[in-house]
There are 2 protein chains.
Amino acid sequence: MDHTPIACSHHDHDHCIHDALEAARNLCVSRGVRLTDLRLQVLELIWQNHKPLGAYTLMEMLAKANTRRVAPPTVYRALDFLLEQGLIHRINVLNAFIGCPSPGTKHQSHFLICRTCGVAIELDEPTLNQQILQVAKESGFTVETQALEVSGLCANCAGANT
Amino acid sequence: MDHTPIACSHHDHDHCIHDALEAARNLCVSRGVRLTDLRLQVLELIWQNHKPLGAYTLMEMLAKANTRRVAPPTVYRALDFLLEQGLIHRINVLNAFIGCPSPGTKHQSHFLICRTCGVAIELDEPTLNQQILQVAKESGFTVETQALEVSGLCANCAGANT
DNA sequence: GCCAATAGGTTATAGAGTAACATATCTGCC
DNA sequence: GGCAGATATGTTACTCTATAACCTATTGGC
Ligand SMILES: [Zn+2]
Ligand SMILES: [Zn+2]
Ligand SMILES: [Zn+2]
Ligand SMILES: [Zn+2]
């Protein structure tokens with residue numbers, strides 16, 4: 001069974017970017033929130049590839065793209081907005097941010113993270129979510145957010161070593 | 001079904017501390033590594049309760065306990081040692097560290113974290129681990145480490161609100 | 001006792017994130 | 001259009017977390 005994630009495959013990534021920005025625009029319109037130039041630009045930079053980017057990396061990228069310098073609070077506010085709207089996720093173990101391929105649908109933050117190439121693959125496994133909720137319930141715990149961060153080697157990078 | 005975790009129950013916590021330090025001593029002896037005064041003291045401080053503590057909080061506690069000031073690298077080196085030996089876990093979402101109740105047995109880092117009282121409950125659910133490995137395998141991903149951090153309200157804190 | 005290895009001390013700095021306040025931009029209303 | 005309140009961004013300064021680099025002390029085998 002070969003379910004190689006798109007992030008690890010050769011693919012038309014312009015398509016990923018386009019879809020993500022389109023979905024973001026639609027969501028923000030439907031919610032009546034403002035996807036400003038800055039927010040859109042940060043989202044676009046995050047989607048440059050399937051690897052999580054740190055806030056300060058994004059700052060540098062913004063500085064190069066914009067000529068103008070951007071201070072930390074500016075980029076963090078944009079990131080906060082994108083997080084609130086579910087357009088990106090935060091990868092705690094990396095202090096970094098990555099675009100969500102399915103914003104709008106309520107879901108948790110479950111990732112496979114390759115330590116070699118840096119790709120982060122978002123999982124969509126309702127049964128995993130269910131089992132986590134079940135385990136928490138047995139301890140009388142009320143779940144608000146989940147973060148599953150699995151680190152290791154993606155299919156490409158594991159294959160390269162054999 | 002009431003499986004209230006020990007961390008959320010009234011319990012003889014001296015017993016928790018004693019067991020943890022005893023287990024640590026035994027493990028380090030059997031592995032031929034040195035559980036120095038500093039490392040033991042840091043581990044003991046971490047075990048003061050069932051709440052993750054930050055490195056700088058530990059530094060302050062050390063300073064008070066020791067009279068001598070301790071600089072960041074000192075405490076981080078002790079933490080690195082304890083992490084390597086599996087005596088503590090790192091809670092990424094909090095940038096904090098917590099004692100492991102079952103060191104020596106190879107296992108992953110799965111926690112329920114209460115946002116109100118700060119308690120972190122370590123899960124021991126082999127089936128959850130298995131399911132995560134299965135999901136990763138389907139993506140061709142080689143798992144090295146897992147970090148599941150579920151945030152919400154523990155049984156005590158959820159109950160207090162009703 | 002001596003040497004190599006390991007652990008800890010010290011200083012400085014990098015990296016991540018926020019508080020507080022000023023300015024600009026947008027939106028709805030007159 | 002012009003105004004007022006709300007929202008968004010700019011700016012400065014700072015806190016918290018973590019590590020690099022180098023030096024000294026301690027340990028354990030020979
Ligand atoms: Zn893509
Ligand atoms: Zn990879
Ligand atoms: Zn206890
Ligand atoms: Zn609680």
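Student: Which residues coordinate the zinc ion (ligand 3)?

Tutor: Look for the donor atoms first. In this predicted model, the zinc ion (ligand 3) is held by H11(B) through NE2, H13(B) through ND1, C16(B) through SG and H50(B) through NE2, at 1.9 to 2.2 Å. Along the sequence, those donor residues follow the spacing H-x1-H-x2-C-x33-H.

Student: And what geometry does the site of the zinc ion (ligand 3) have?

Tutor: Go by the angles. Four donors count as tetrahedral if all angles lie between 85 and 135 degrees. Here the angles among the 4 donor atoms run from 103 to 127°, and the site is tetrahedral.

Student: Is H13(B) buried or exposed?

Tutor: Buried means under 20% relative accessible area. H13(B) has 16% relative accessibility, so it counts as buried. H11(B), at 27%, counts as partly exposed.

Student: Now the DNA. Which residues come nearest to DNA strand D?

Tutor: There are 16 residues around DNA strand D, and the nearest are T36(A), R77(A), Y56(B), Y76(B) and R90(B). By class, this surface has 7 nonpolar, 3 polar and 6 charged residues. Three helices each supply at least two residues of it: α2 (37-46) and α4 (72-84) of chain A, and α4 (72-84) of chain B.

Student: What parts of DNA strand D lie within 4 Å of the protein?

Tutor: Sort the DNA atoms by type: 51% of those within 4 Å belong to sugar or phosphate, the rest to bases. Then check individual contacts. A polar side-chain atom of Y56(B) sits 2.6 Å from a base nitrogen, while one of Y76(B) is 2.6 Å from a phosphate oxygen. R39(A) has a side-chain N or O atom 3.1 Å from a phosphate oxygen.

Terms used:
Residues are numbered from 1 along each chain as its sequence is written. Chains are lettered from A and ligands numbered from 1 in the order in which they are written. This is a predicted model: local features need pLDDT of at least 70, side-chain atom pairs count only at pLDDT 80 or more; totals for chains, interfaces and linings use all residues. Side-chain values use heavy atoms; hydrogens and water are left out. Donors are N, O and S atoms within 2.8 Å of the metal (3.2 Å for Na, K and Ca); water is not among the atoms, so sites may look incomplete. Four donors count as tetrahedral if all angles lie between 85 and 135 degrees; four count as square planar and six as octahedral if opposite donors are over 155 degrees apart and all others between 65 and 115; anything else is irregular. Buried means under 20% relative accessible area, exposed over 50%, partly exposed in between (1.4 Å probe, protein chains only). A residue is near a molecule or strand if one of its heavy atoms lies within 4 Å of it. A polar contact is a pair of N or O atoms within 3.5 Å; within protein, one must be able to donate a hydrogen and the other to accept it, and residues adjacent in sequence count only if both atoms are side-chain atoms. Helices (H or I, at least four residues) and strands (E, at least two) are DSSP runs, numbered from the N terminus. Ala, Val, Leu, Ile, Met, Phe, Trp, Tyr, Cys and Pro count as nonpolar, Asp, Glu, Lys and Arg as charged, and the others, Gly among them, as polar.
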